[in-house]
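Here is a short report for a reader meeting this structure for the first time. Please look over the sequence and the 3D view before reading on.

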Amino acid sequence: MSWEESTKQKMLHLKLPTDPRWVNIAEMSIGDILVDHAYCEQKAASSCISLIVNFFDFPELVETLTPVVAEEWGHFERVMDHLKKRGYALDKPRKDEYVLKLSQFVKKGGSRKQQLTEYLLMNALIEARSCERFKLLSQAIKDEELKKFYFELMVSEAGHYVNFIELARSIYDLEKVNIRWDEWLAYEAEVMEGLELRGDRMH
């Protein structure tokens, strides 16, 4: 069974696909993309650590996200290897307008379960968009080593997406989570439509 077939009932449900021009622009700035990608992986690991620390009283979350921290940091190390191999160095982090705009949609207040659900859904969305972008890179760029690398990461990000969604649905009311997820998806499409098409950003 193909990756698409095995996950079609779970992913990706993004309402606005990436502009197909992005991958061609990104390939022309692959050093910048790798730098931005490295920081994305660092922030993904940090986000999981933050959730574990702030919501330590949800054992299912701690158990699920602890190995994800290691995976995300492993991805960071692999991106660094690809940078070094191609003669690039890690540059300063860039402003992540995509994540900043998503964070503005997080509902404040409510119970701890509601607060946690908001962050789980935001992280699920980031993983879903990353998965879509990795898929595009794995299909379109000419660098065979990076094609394979991004295919592997696409599969991994799909698993992380499912982790976040399933955690949200197990921790909070299923119907409310599904309604809120639809709201997140609609908002993310608006964010994507308003962002400048850039080849030096992973999102």
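In which helix is R129 found? R129 is found in helix α6. Helices here are DSSP runs of H or I with at least four residues, numbered from the N terminus.

The model is predicted: local features need pLDDT of at least 70, side-chain atom pairs count only at pLDDT 80 or more, and totals for chains, interfaces and linings use all residues. Residues are numbered from 1 along each chain as its sequence is written, and side-chain values use heavy atoms, with hydrogens and water left out.

R129 has 0% relative accessibility, so R129 counts as buried. Buried means under 20% relative accessible area, exposed means over 50%, and partly exposed lies in between, with a 1.4 Å probe and protein chains only. The contacts of R129 include L14, P17, Y98, E188 and H203, leaving aside neighbours within four places in sequence. Contact means heavy atoms within 4.5 Å.

M192 is found in helix α8. M192 touches L16, T18, Y98, R129 and R133, not counting residues up to four places away in sequence. M192 and P17 are 175 residues apart in sequence, yet 8.8 Å apart in space, C-alpha to C-alpha.

L120 has its place in helix α6. Among the residues it touches, not counting those up to four places away in sequence, are L51, L61, F164 and I171.

V106 is found in the loop between α5 and α6. V106 touches E118, Y119, M122 and W184, not counting residues up to four places away in sequence. The C-alpha atoms of V106 and T117 are separated by 9.6 Å, and the two are 11 residues apart along the chain.

The table lists the accessibility of these residues.

| Residue | Relative accessibility | State |
|---|---|---|
| R129 | 0% | buried |
| L120 | 0% | buried |
| V106 | 7% | buried |
| M192 | 11% | buried |

Helix α8 covers residues 174-194. At 1.5 Å a residue, its 21 residues should span 30 Å, and its end C-alpha atoms are 30 Å apart, which agrees. The expected span is 1.5 Å times one less than the number of residues. D173 caps the N-terminal end of α8, with a side-chain oxygen 3.3 Å from the backbone nitrogen of E175.

The buried residues of α8 include V177, W181, W184, E188 and M192. An α-helix has 3.6 residues a turn, so residues three or four places apart point the same way. The buried residues of α8 pack against α5 (97-103), α6 (112-140) and α7 (144-171).

Helix α7 has 28 residues, which should span 40 Å at 1.5 Å a residue; its end C-alpha atoms are 41 Å apart, which agrees. D143 caps the N-terminal end of α7, with a side-chain oxygen 3.1 Å from the backbone nitrogen of E145.

## The nonpolar cores

A nonpolar core is a set of buried Ala, Val, Leu, Ile, Met, Phe, Trp, Tyr and Cys residues joined through side-chain atoms within 4.5 Å. Which members of the largest core touch the most other members? Of its 36 residues, they are L61, L65, L102, L120 and W181. The elements that give two or more residues to this core are α3 (30-54), α4 (59-85), α5, α6, α7 and α8. The largest share, eight residues, comes from α6.

L65 is in contact with C48, L51, I52, F164 and L167, leaving aside neighbours within four places in sequence. A second, separate core of 24 residues includes V23, A38, L83 and I141.

## The largest pocket

A pocket is an open set of points on a 1 Å grid over the protein atoms alone, where a 1.4 Å probe fits, with protein on both sides within 12 Å along at least five of seven lines; lining residues have an atom within 4 Å of a point. The largest pocket is lined by 26 residues, of which K43, S47, V99, N123 and I126 lie nearest its centre. The elements that give two or more residues to this lining are α3, α5, α6 and α7. α3 gives the most, with 10 residues.

Notes: A polar contact is a pair of N or O atoms within 3.5 Å; within protein, one must be able to donate a hydrogen and the other to accept it, and residues adjacent in sequence count only if both atoms are side-chain atoms.
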